[in-house]
Structures are given as structure tokens and as C-alpha cells.
Number of protein chains: 2
Amino acid sequence: MTSTPDQIDPGLRATWTAGGGAHLPADALAWLRERTGLRPSATPVTEVAVPESALPEAARAAFAAIVGPEHVLVLGDDRLGRAGGLSYLDLLGWRGGEVVVPDAVLRPADPGQVQSLIESCVEHDVGLVPFGGGTSVVGGVKALRAGKSAVVVLDLTRLDKLVALDPVSRVAVLQAGVTGPEAERMLGASGHTLGHFPQSFERATIGGFAATRSSGQASAGYGRFEAMVERLRVATPRGEWRLGVAPASAAGPDLRHLVVGSEGAFGVITEVALRVRREPAARRYEGFVLDGWAAGTDAVRRLAQDGGRGTVVRLSDPQETEVGFALKGGWKTGVVRRYLRARGVAEPCLLVLGWEGRDKADLAARRRATLRALRGLPKVALGTPVGEAWRHGRFAGPRQRDALMEVGVCVETLETATRWSRLDELREAVRTALFDSLTTAERTPVVACHISHSYETGASLYFTVLVPRSADPVGQWTAAKRAACEAIAGVGTISHHHAVGVDHAPYLAEEIGELGVDVLRAVKRELDPTGVLNPGKLVGDA
Amino acid sequence: MTSTPDQIDPGLRATWTAGGGAHLPADALAWLRERTGLRPSATPVTEVAVPESALPEAARAAFAAIVGPEHVLVLGDDRLGRAGGLSYLDLLGWRGGEVVVPDAVLRPADPGQVQSLIESCVEHDVGLVPFGGGTSVVGGVKALRAGKSAVVVLDLTRLDKLVALDPVSRVAVLQAGVTGPEAERMLGASGHTLGHFPQSFERATIGGFAATRSSGQASAGYGRFEAMVERLRVATPRGEWRLGVAPASAAGPDLRHLVVGSEGAFGVITEVALRVRREPAARRYEGFVLDGWAAGTDAVRRLAQDGGRGTVVRLSDPQETEVGFALKGGWKTGVVRRYLRARGVAEPCLLVLGWEGRDKADLAARRRATLRALRGLPKVALGTPVGEAWRHGRFAGPRQRDALMEVGVCVETLETATRWSRLDELREAVRTALFDSLTTAERTPVVACHISHSYETGASLYFTVLVPRSADPVGQWTAAKRAACEAIAGVGTISHHHAVGVDHAPYLAEEIGELGVDVLRAVKRELDPTGVLNPGKLVGDA
């Protein structure tokens, strides 16, 4: 990987998230009008109101003594730059003036300063929100007060170092604020890769990946982020906590799994020792089209259960396949559709397969194993152009979303996972819930879905929703999201890789039981007795 | 798998564990005398004293009302049959009369009865020790009172059912009391396998595998037991707790990992939904010899990091290679040694590799990948006879131990794991600690070691110790074990797959921090406020 880091001045983030730059082809707009009822509409962007900082002077002085006064930011733009995440509702807030703004931003230089800041927050009873790339789409970095008189954002981006690399064990220790591209750049210098490429890759950080149990688009080949975690260094109100001494252990419960996914509510992850791999010398991505969702899931399940699945396996349902081509301007022209019709495909489902290998021979062997596993399954090969187009555009989703919002589209994603035998039931339930909630006389939603993470026993489902924005956009999406969550709870997980944050907290008990929530609260009480850490997240306002 | 279940009447367990049957070849005895200073000695077996049951009548009646009076066992032999596990010290106890005997044995029929019994134990303040196959080697099933006036054993072997099988998702729900062979028999009926074959396989149970984070000899191919766990059903003093809805989730910390490894201290696992696989149609096991530990670990590391490692990878160090041949009578004759010398091998390290495949072609492809990865590494192929001999004898360790104890040998195993870059340091440290502790003018220990679980970032180390028993056998081994644990703590995990129990509890804080122990205690207080569950285990006498 030689991606360039995309480190935007956080003070300019409001502009970026509200701002243009991305454009839709004319065909795509026409398709949206025909398919959803979208009408041309201007999208006003109003000023965002920034309240005065409520941080007591004594706390400010204490923080300044730890990190230096230049790293305690209290100006409106700086605070606004770390206010909230990047969900559709967050972006609506940026456009419409409703943003929860923290009282200050603290920029520690190292794990020791993080530890001192936490202890200082306890002393001054100030809430503290860990913040890396700020890419949460579930309210995970919202600066909620939750009973505290003030709340500060702990900006971790100065913790940007590769602390150690053990090439024999293939373990790298990275600080929490290292972004995806920076991690790849630093590891690439010695021929290694982490292999973690979620859609948030360009801006999200190592600490955030760990805190939210992230999963990357190459999870078939590299595993979920939690599978990469060897050791953790965590700052807590009770002192530093270090976990992990061996790849695997039977020394009681694996407490690394209690920290991974804890969303900053139990402690702030400052360093993570991660399994790394040798950078692949050869890559190949190809597109295929299968006829219908059933054939598509059959292919993905075969690969997951019987081996040979390579590095990336990503299946779009017919709706997402349509959206994908349409937003690139290719669908409306009918070229793709005609090509596939001529080959007898009634309901095209795009399957992107990617292989990475030590060398060309290794790559070829992996590809052969995949194709052998899919033998006998009718499919149309679209070759490497489609595969490579996906690979090059795979982090573009957020920018495309900006462009869609510009023209008046309500656009958001949500995701879940379940076992194979319930996957179709779950997909239907979520689709129905979203349709029922969003369809009106004037507006028809497009609900598209893909599988991008598959396991021997099941798979994830990732939904993208497009619908013309209503006069009450917050109410429109809030109701739809609630309907989807209610359809999911009990059948699938309330989140496969977006985490709980604020948005999914009401559904957590359905998934882990009231006992599970009680256990999380007991752990929080033990580690964070006064509740300064990421107030209101994960277990709500306990 | 078509192994026959080996369900011994628990009442006869004392006889079995103390009993003969296994014999050592004359060559092996001669080797032991020469190598360790062992002298012929009779091993007296004295009566084990069984104290009166201290179970209050009210509690007995309450238990009987739940499971029926015939399933509340209070006779001495029945209670003795579930007293303690199978560590060397346990076995010494059986021979010398010092056994901690529970006050009763309860035999529930289903998860509902388990739940009721736990609630009844809370009501009567009676400690409860979950008991499956009773194969713990760390004191995990010792019937400690830890402040309670009485303690009962919860014998789970009547929970012996395959509850459900989902062939599409390849998930099977098994009750906690199902033994390894029974699981394979029931799953085999539909062409599936669990693939979990620890040395305790013949007697240990699903619940025990989960409660102790077990790892089987085929972990290279099938993964550790925790990797198979999809869902858990747990009975706790606070009610039933069900966990797991998807293969993977970001709905907060993964609490399944808090239950797996909790050793009955947080709840009693009554059912586990497990990932299963298609039973392999083809198997092949081969032996190879590499020259020296460094060459051997290089081979295992290559396979773990660069792929192609198949189903079983097991490397013996030179000492274990010697022991393995010697106890079979082959070493002393010099045949093997001469064969290897003739091929230039100075320090033979046995490497057993096993492959399982869907069919012969799949198997051949897997084997080719392994041999390709090992290309260029000097090795002597011993072929399938050695591989198959290992496979057929792989559960015989406990029986061999009985035979060695018969002739006066102190014989025990212990294990750990760490990352590759510290593996040699850890092996040396443990060897030195054991040698220093056990060597006397009359006695020389044999300390043998193997790797049977390897990961991309590190591997396990499993030590077998043989030394002539001293006049104070308990003191002899207690000191040696303490020395080994102190050498391990901080460098490797205090247990890779044997769990914490009583024996490793003093070292737990070194591994997970005082904060980690506090967190476990907080969880225990939340789920088991009066401390009836497996008193004194995992977190000691909190």
C-alpha cells in the first residue's frame, strides 16, 4: 500500500463534510428521478451555532499543565471540528445547525499524557470523548454531557507512531491515533501490511478500529480487526492496563475481547500490538455476475465453508448492482443490462473477488482454488476492469454520499449479520421495514444490499438506502432506522462492524440480554467509577 | 470419527485413575533407570478416606425435589468418583488418601434443572462445582468449600444431547455434558465433525471445553475451541443468559469471550452452539525429522505465517523425540538413532504433519502446499507409519502416565505460549527452572517439550517432566511447578489450554494485571453475588 494519508485540518472538517467536490453524472440524476421520485431541490447550508465553552477554568489549567496550553483548544472552529461523527443525521446537523459541540479539545502527545488527562478529568468531573478520525456513524463520538457539567474531546491524532515492529513474530505496535493510510505507509517501509481496509480507512484510526470491533473489506483474507489484536495498552481512571502476552491463552476469559468493542467507555486504548503480514507482491480483482441473490449467496457460502475464497469476497444484490452501475452512469444507458441479458442473466448480482499473493504463482494458485470451488455455478465473468474499478473506488462512498445529499437525497447505510440459514429472512425483514417506513405517494426508496464479510456459519448484510429527502429529514430517517433496528433485533446482530454508540444502545439488551448489559455496567463501574469516559455511549446513561 | 465413547462409571473412577492396565516395555524401564536414576520401587496405594457428607437435610430435600432423589448421590463412592481432577497431585492424592470430597453429587437432566439447582444452591448457600469429564489438571473441579458449609458437584453428564443441527449454517447445538467421542458420533451421523481433539478428548465434555478455552491437537486445521463457539446458554444465579446471534458482531465487547474461559465461576454453561465442518473423506499423517530445535521451529513458523500448514502440526524437541521413541522401546535399541545418524541428523526433532481433505485431490493439494512451504529445509521423511502411530496413540498420554507412576516416576505436564521472538527464551527459562528444582545427586529429570498449537504470531510450548519420585512427592512437584510458573509469568501465558483453576490463580494478576482480576471479580459479583459457583477457582477466594 502506498496510499497517501488524507489528514484534513480538523478545523476545516465542517466545510469538508458539508462541502461539494463530488458530482453525480447526469445519467445518475435522471435515474434517481425516475426510480425514487427525486425532484430538483436546492440544499441550503446554514451556519452551525457554537455555544460558549462550559469548561471550568481550573480544569482548563490542569489540562494545559499536562499537554501544554497550545494543545487545549477552546476556539469554536476547533471544537466544531471534533463535534460528532459522520452519520447521515450528523451530516444533516452540520447543514442545519444542530451539532453537539464539546467544551474543549485536548491533544495529548503520548500514552502517559492520556493517562494524566483521564485522571484530571476524574478530579474535575469532566466527561471525555476519545476521538480518532471521527468517522463513527452511530453517534460514538458525540460529545454528550450525560450529567457532567462539561465534556472534552480527547483528540488522539498526535499518538501517531509505530512504536515497535517484531518481524519474527510479525507483530507491530501502533499508537491509537495512527490512521489507516499512515499504518500502511509505516508498515510498508519494512514490507509489511496490516490488511485492514474498512470504508473509513482513509481517516479512521487504529484506536477506533479496536474500540469499535471494525471489519475491513478484505476480511476474507485478513480477518476482522479483533483477530489482529495481540496486545492492548489502555488508560483508565484506575491506572494503565496492559493485556495480552501470547497469541492465545486459557488464562481465564479473554479480556482483550472486553476492551475491543468497549467504545472508550472502559478506558482509552493508547497502543495496540497487531498481527501484520508480508505485503503481497501480487494482486488481482475481478468482477463476475451471478443470476439472482440465491445463486450469489450460494457462491459466497461455498467459498466461506469449503475454502478457496481469497482476500476479498463481495456480493451485491440485484438492487445494489443496479445502483452501482446507475450512479456511475452505466446502467441507464442500458449497455450493461443488454450485455447481461444477452447472456441470459435476469437478475444480475455483482460478485467482486480479490486475491493477494506472495508472488504470481501463489496468486494463481489461490485464484484457481476459488474458481474450482465455484465450478458448476453459472456466472458471467466481467474481468479485471470491473474488479479494479471496485478496488479503486472502494473508499469513495462517503464522498458519493455528499454528492447525493447535495441534490436532496436521504442516503444512509446500516448493517447486520446472522447465520446463513436466517440470512434471507433477515434481508427481507430489513428491506420490508425500510420500504414500509420510507415509501410515500411521492417517494420510493431504493434499498440496496451487499455481503462483504462472510464466515463459515454466516455473513454480514450491508444496506444502502436512497430516498428523496422529506420536509422533516430527521424524522424521516429516524423512523426508518428504528424500523430497521426493530426488524434486525433478535434475528441478526444490531451491528456487525459499526458498533453501538448512541444509536444502537436501545437494542443492545435484546442482543446480549439484560444480564449482559448489567455485566457491562459492572465492568464500567469497576474501571470508571465516576463515569467520565465517553458518557452516554455503549450502555447509555447508566 | 467413529471412536467409541469411553464412559466409565464415575463410581469406579478411583480404581481407574489409580489402576494398572498400561505397561511399559522393559527397554523403557531400562532407559528411565539410566537417564533419570529411577530405582525399582513398589508404589503403595492406600485407602482414600471419605468424610461424612455435610449437606444440610433441607438442601438435600430441595435438590431431590428438582432432579429426583435418585439423582442426588450422597454415598461415599459416588462422591469420591467426582472428587478432583487428573493432575499428578490429584493422582498422588488418590494413592495416598488425601482427596477433597464433595458433600453430594447432583445429576440434572436438562438446562432447566441446572438453573433450578443453582437457585437452590443460592437459597441454601451451598457451593456448586460444575463437573463434566473431570479431566482438569489445574484443580478446576476441586470441591473446595471456600467458606461455604457444604459443596456439591454438579455432574453434567446427563446433558448429553445434540439439540439441533443447522446444516446450512453448519452449526450444531450440543449440551454441556456431551463427551468428545459422543459429539463426533452424533455429528458423524450427518457427515459432520467438530474437529476438537485435545488429549482429554475421550472423557472431557463440551461444557468443559468451553469453560476452559480448550485447544485440540488439530487446532492448525480446526482452530481453538473458542473459535468454534457461536452461541452459549448459561445458567447463573441471576437467571438464564443467552449469548451470540451472529458469527461476528460489533455490538460492544464480545461477551462470549467472557463466558468461554470462565471455569464455572460466572455461570454453568448448559448448551453450546458450535461451528461444525464436513467430515473429511481423506486423511494422511506423516512423520518427519528435522535437525535441531531451531530448524524445527523455523518449519512450524513458516507454515503458520505463510500458509499451507494442514490440519495437524506438532514438533517435538530433541528431548521429547528421545522420550517418545524410548517409551515405545525403540530408542534404546538404537535403531532409530542409527537411521537418523546415517542421514546426518545430530539432534532429531520429530515433526508430525497431518492433512484432512474433502477428497483425495483436496488432501493432495493441501499436502503439496505444505511441502512447498518447507522446500529447502533439510528433513528426513519417516512416512505414514510414524504419523499414523502418533494419531492412534494420541489420547494415550494419561494411560502412559499411570504406568509411569506405577513404577515410581513423578510425571506431569505443563504448558504455555508466547510470541515467536520469545519462544526460545521461554523454553530455556522453563527447562532451567524445572532442572534446578528437580535435580539431586540421585535424580536427573527429563524435561521434554513440544509445540502442538501454532499461530501467525507465536506458538504454545508443552512440557513433559519425568523424574524419580522423592520421599516427599507432593513437595517435590509443588516446588518444581512453582519454579516453572515463576519462569513463565510475564514471558508467556500462565496457561495456553489447561486454564487457571486453583493451581494458576496465584499467577493470574501477573498476566492480566490487578485491574484484570478486579474486573473478573466485578463480573463475578454481578452474576454470582453470594459466590456459590465453583468456589475458590479462577479468581481464588475473592
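Which residue in β4(A) does A:Leu128 stand opposite? The legends below start there, and every view comes from a predicted model.

**View 1. Strand β3 of chain A sits beside β4 of chain A.** The residue across from A:Leu128 is A:Val152, in β4(A). That pair belongs to a parallel arrangement, with five bridges joining β3(A) to β4(A), residues 151-155. Strand β3(A) covers residues 127-131 and is mostly covered, with five of its five residues buried. Look at where they point: A:Gly127, A:Val129 and A:Phe131 go one way, while A:Leu128 and A:Pro130 go the other. That's the pattern to look for, since in a regular strand the side chains alternate between the two faces of the sheet.

**View 2. Chain B has an open sheet of four strands.** Reading across, the order is β1-β2-β4-β3, and the pairing is mixed. β1 (72-73) and β3 (127-131) of chain B stand at the edges with a single partner strand each, so one side of each has no neighbour in the sheet. Further in, strand β2 of chain B (residues 104-106) runs parallel to β4 of chain B (residues 151-155), and three bridges join them. One residue pair to pick out here is B:Val105 with its bridge partner B:Val153 in β4(B).

**View 3. Helix α19 of chain B is bent.** The helix spans residues 508-527, which is 20 residues, yet its end C-alpha atoms are only 20 Å apart. A straight helix at 1.5 Å a residue would reach 28 Å. You'll find a bend of about 80° at B:Glu514. Buried residues of α19(B) include B:Leu508, B:Ile512, B:Leu515, B:Val519, B:Leu520, B:Val523 and B:Leu527. What do the buried residues of α19(B) pack against? From chain A come β8 (229-236), β9 (239-243) and α19 (508-527), and from chain B itself β8 (229-236) and α10 (256-259).

**View 4. Chains A and B meet face to face with matching surfaces.** Chain A superposes on chain B by a rotation of 180° with 0.0 Å of shift along its axis, at an RMSD of 0.0 Å. The two copies are therefore related as by a two-fold rotation axis. Both use the same surface, as 99% of the contact residues of chain A recur in chain B. In all, 69 residues of chain A are in contact with 69 residues of chain B. On the chain A side, elements giving two or more residues include β8, β9, α11 (293-306) and β16 (409-419), but α19(A) gives the most, with 14. By type, that side divides into 29 nonpolar, 23 polar and 17 charged residues.

Terms used
Residues are numbered from 1 along each chain as its sequence is written. Chains are lettered from A and ligands numbered from 1 in the order in which they are written. This is a predicted model: local features need pLDDT of at least 70, side-chain atom pairs count only at pLDDT 80 or more; totals for chains, interfaces and linings use all residues. A residue is buried if 20 or more other C-beta atoms lie within 10 Å of its own, exposed if 12 or fewer, and partly exposed in between; C-beta atoms are placed from the backbone. Two strands pair if DSSP finds at least two bridges between them. The expected span of a helix is 1.5 Å times one less than its number of residues. The bend at a residue is the angle between axes fitted to the seven residues ending there and the seven starting there. Two residues are in contact if their C-beta atoms, placed from the backbone, lie within 7 Å. Copies are superposed by least squares on the C-alpha atoms of residues with pLDDT of at least 70 in both. Ala, Val, Leu, Ile, Met, Phe, Trp, Tyr, Cys and Pro count as nonpolar, Asp, Glu, Lys and Arg as charged, and the others, Gly among them, as polar.
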